Amino acid sequence: MQSESTISAGEIPVSEAARYNESLHEDTTAKLFLVSSITYFFIVGIVALMIAAKFVWPELLGTVQYLTYGRLRPLHVNGMLFGWLLAADMGLMYYVVPRLCGVKLWSEKLGVATAALWNFIILGAVVSTIMGWNQGWEYAELPMFLDVLVVIAWVMFGANIFMTVANRKYTQMYVTIWYCLGTILWTAFVYLTGNFAALFATGVNQANLNWMYVHNAVGLIFTPVGLAIAYYFIPKVSNSPLHSHKLSMIGFWSLAFVYVWTGAHHMIHGPISQWLQTIAIVFSVMLLVPVWAVVYNFFATMRGQWDQMRDNVPLKFLMSGVVFYLLTCFQGPMHSLRSVNAIVSKTDWIPGHAHMAVLGAFSFFAIAGCYYVVPRIFRRKLYSDSLANWSFWLFLIGGVGFFVTLWLGGFWQGWQWNNPAIPFIDTVIALQPVWIVRFFSGVLMFGGIATFAYNILATMVGSGTESTKMAAATA
Amino acid sequence: MRDYSYPSVYFAYFYFFLLLVGALFFFFRSVKHGYWGEHAEDAKYRMLEDDEPHSEERSEPARREL
């Protein structure tokens, strides 16, 4: 038995464990979302590897239409965004919000129905992207009937969470609930704009709406729900109160004000008004305000607690995610500047930046949440602390290799594209070494996914014995 | 296909106006509920306690006044 001072990954503090045997929460919905999202993480991770391999060996998988880059790439993007990350975030919200409100989830049945519908949507997305039934819009590839189902599922999710919050015991809501409610409202707005309103515009206005959607899919969906998770789990996992709740509210309101205006920075030097480009740049730079408010708060929370990073795997994921969040949110404003944008726009820099946000920051937060939550709701000790530690280092090393390689490669690519004397095909050939490193970094990251998924699923199915159950841990 | 660009822009203005009104409403409500006053930090301590039935007596001071 471990002492309380060396709490390992996902294990309930021994002194607290008995309480979880008399939980008032059913957590069925949270379980369903987490099981399915982690499964999709693994499956779509394989697709990610196939795509990375195609950069190095373009003839790979031949000319089978279902396995071409054009089919696999939307499958990877939609699978990771909606199958893994958003579903995992929803599962964690179903766990976190009732606890912060001091009441049960409003309707577990509605939650289970939401989980079933969400899985139907994801399976439909897999079929439609492989079959090439694609609307052709970045992040909005899914066919219309699936878009409608997403809206229905989101209304079901939102109603459940809002009603839970409405029934809460406490007037004051912890910042996590603010971010969660913000996510629900902003997602509705962003998703409807990107998947429905954009269809009623044409030409450059349509492109502008699409980029507003793409940017805010990250900025107003994954950022607020990711921060909701980080604000909950960093204090919980480190057992330290948040540095300043007031500062967290300033971060929330400034993010709410700033983020929505930045989408047009994807069209800098494009055929849109200069004033619109300038507004997008100004608001992009203003993003540093909410970002610093968030990051300072997390680092100040950890003051005097850094020694926990030695053996607390969820905390490793969380604080590495905070560093990646800071880096990616520094990159964003900088490459929205006209001079930098002229080099990096449309290059490999962009997937390097996007992966650091979605994988390095928000997936790290979600992974930490899974390591913390799954042993608690399944009331079992984590299958393997060692495997959890391995998953962290595989993700970290693979991730850093991937991000840095693509930033450097992107800059190099941009400089070449800015030189009209270099034929385009030569710039493609020159990037081969970059893509080889990208592939092997991807192999490491997939190792992280596999160890994480195996560890969590083994914990869920109870590959441990009675002796590993949490109840036994308290004996 | 008809171009709905201008109606969509007016709709966007209207939507942003709604969001602004909503943001101001919730901001002033947050002032009323003490998020910026002397009890601004209560929530961060309460979240560290679990909310199971037996813990009710421990979190009573931070509980809403009904």
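Helices here are DSSP runs of H or I with at least four residues, strands are E runs of at least two, and both are numbered from the N terminus. The model is predicted, so local features need pLDDT of at least 70 and side-chain atom pairs count only at pLDDT 80 or more, while totals for chains, interfaces and linings use all residues. Residues are numbered from 1 along each chain as its sequence is written, chains are lettered from A and ligands numbered from 1 in the order in which they are written, and side-chain values use heavy atoms, with hydrogens and water left out.

Let's start with the way helices meet. Two packed helices are described by the angle between their axes and the distance between the axes. Axes are lines fitted to C-alpha atoms, for helices over the stretch in contact, with angles from 0 to 180 degrees between N-to-C directions. In chain A, helix H6 (residues 175-195) packs on helix H7 (residues 203-238) at about 165 degrees, with the axes 8 Å apart. The contact of H6(A) with H7(A) is built from 19 nonpolar, 7 polar and no charged residues. Here Ala, Val, Leu, Ile, Met, Phe, Trp, Tyr, Cys and Pro count as nonpolar, Asp, Glu, Lys and Arg as charged, and the others, Gly among them, as polar.

Further along, helix H8 (residues 245-258) of chain A packs on helix H10 (residues 288-301) of chain A at about 155 degrees, their axes 8 Å apart. H8(A) and H10(A) are therefore roughly antiparallel to each other. For H3(A) and H7(A), the axes come within 10 Å and cross at roughly 40 degrees, so this pair is oblique.

Now look inside. The structure holds 5 cavities of 30 Å³ or more. On a 1 Å grid over the protein atoms alone, a cavity is a set of points where a 1.4 Å probe fits but cannot get out, and lining residues have an atom within 4 Å of a point. The lining of the second largest cavity includes A:Val44, A:Asn78 and A:Thr129. Helix H3 (69-101) and helix H4 (108-131) of chain A each supply at least two lining residues, and H4(A) gives the largest share, 4 residues.

Finally, the side chains of A:Glu26 and A:Lys104 meet in a salt bridge at 3.8 Å, N to O (a side-chain nitrogen of Lys or Arg within 4 Å of a carboxyl oxygen of Asp or Glu). The pair links distant parts of the chain, 78 residues apart.

Notes: 1 Å grid on protein atoms, 1.4 Å probe; cavity = no way out; pocket = protein on both sides within 12 Å on 5 of 7 lines; lining within 4 Å. Points joined across faces, edges and corners; volume = space filled by probe spheres on them. Parallel < 35°, antiparallel > 145°, perpendicular 65-115°, else oblique.
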